[in-house]
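My entries follow in the order in which I looked things up.

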Amino acid sequence: MSDLDLLTQSLARNVKRWRTERGFTLDALAARAGVSRGMLIQIEQARTNPSIGTVVKIGDALGISVTTLLDYERGPKVRIVPADQAVRLWHTDAGSYSRLLAGAEAPGPLEMWDWRLMPGEGSGSDPHPAGTVEIAHVTAGELTLTVDGAEYRVGAGASVTFEANTAHSYANRGEVPTEMVLTVSVPPPAH
């Protein structure tokens, strides 16, 4: 079985499990996540490989991390993610990428990402639920962070925190690759 097949089946099982655990109907989850009921059915039946944006929206709506949605085993309290098992969820031909390094439920989703943005490239994000906070630490290059239309420049060695419940994007406007570690903390869903 390929990695993609494993992820598709894990996503199917976990979306259904967490939707049931949260007491959401397909229609309720579709409305909360802003995705179609048909897409959710295809995901739960392991008939599609949705975009990372769709997976993030479903995770946010369920109040769980992308790591939990893609997890194929519920393990012990300590979980080591070997370097070769970090999941690359976005990449470009020029070499930009994001890798999900690790995640946990603490008490809501908590994720740690490894990002590389090549010169001239960027990636946008839809607003996350109210109360979501992101923390980025730039290890190389310079990050141009745009939050709710305002631009911020974060150089190598600097860190930034921001409320991520508004549209935001990450870009590299420099001449060398930008590398950063990004942590996303999403509050648990209100019932």
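Are Trp115 and Tyr170 buried or exposed? Both Trp115 and Tyr170 are buried. I use buried for under 20% relative accessible area, exposed for over 50% and partly exposed for values in between, with a 1.4 Å probe and protein chains only.

**Ground rules**

I am reading a predicted model, where local features need pLDDT of at least 70, side-chain atom pairs count only at pLDDT 80 or more, and totals for chains, interfaces and linings use all residues. Residues are numbered from 1 along each chain as its sequence is written, and side-chain values use heavy atoms, with hydrogens and water left out.

**Whole chain**

I looked up the secondary structure and found five helices and ten strands in the protein chain. Helices (H or I, at least four residues) and strands (E, at least two) are DSSP runs, numbered from the N terminus. The protein chain has 191 residues, and 40% of them are buried. I noted an accessible surface of about 9,900 Å² for the protein chain, with 53% of it belonging to carbon and sulfur atoms. That area comes from the Shrake-Rupley method with a 1.4 Å probe.

Next I looked up contacts, meaning heavy atoms within 4.5 Å. Of the contacts between residues at least 6 apart in sequence, 62% join residues at least 24 apart.

**Aromatic rings**

I used this rule: rings of Phe, Tyr and Trp (its six-membered ring) pair if their centres lie within 6.5 Å; planes under 30 degrees apart count as stacked, over 60 as edge-to-face and the rest as tilted. The count by this rule is two aromatic pairs. Trp90 and Trp115 have ring centres 5.3 Å apart and planes at 40°, so I logged the pair as tilted. Trp90 sits in strand β1 (residues 87-91) and Trp115 in strand β3 (residues 109-117), so this pair ties together parts that are 25 residues apart in sequence.

I then followed Trp115 to Tyr170. Their ring centres are 5.0 Å apart and their planes are at 50°, so this pair is tilted. Tyr170 belongs to strand β9 (residues 168-171) and Trp115 to strand β3, so the pair ties together parts that are 55 residues apart in sequence.

**Nonpolar core**

A nonpolar core is a set of buried Ala, Val, Leu, Ile, Met, Phe, Trp, Tyr and Cys residues joined through side-chain atoms within 4.5 Å. The largest nonpolar core has 38 residues. Trp115, Tyr170 and Leu143 are among the residues with the most contacts inside it. I checked Leu143 next. Leaving out residues up to four places away in sequence, Leu143 touches partners including Leu117, Val138, Tyr152, Val154, Tyr170 and Met180.

**The β4-β9-β6-β7 sheet**

Which order do the four strands of the open sheet take? I read the order as β4-β9-β6-β7, with antiparallel pairing. Two strands pair if DSSP finds at least two bridges between them. The edge strands are β4 (122-125) and β7 (150-155), each pairing on one side only. On average, neighbouring strands of this sheet are turned by 15° against each other, direction ignored. For such angles, axes are lines fitted to C-alpha atoms, for helices over the stretch in contact, and angles run from 0 to 180 degrees between N-to-C directions.

Strand β6 (residues 142-147) pairs with β7 in the antiparallel sense over six bridges. Thr144 has Arg153 in β7 as its bridge partner. I also looked at Gly155 in strand β7. Gly155 is partly exposed, at 25% relative accessibility. Not counting residues up to four places away in sequence, Gly155 touches Val138, Gly141 and Glu142.

**Helix α4**

Helix α4 covers residues 52-62, and its buried residues include Val55, Ile58 and Leu62. I found the buried residues of α4 packing against α1 (3-22), α2 (26-33), α3 (37-44) and α5 (66-70).

Most residues other than glycine have a negative phi. Ala46 is not a glycine, yet its phi is positive, about 55°. Ala46 lies in the loop between α3 and α4, and is partly exposed at 31% relative accessibility. Asp148 also has a positive phi, near 50°. Asp148 lies in the loop between β6 and β7, and counts as exposed at 60% relative accessibility.
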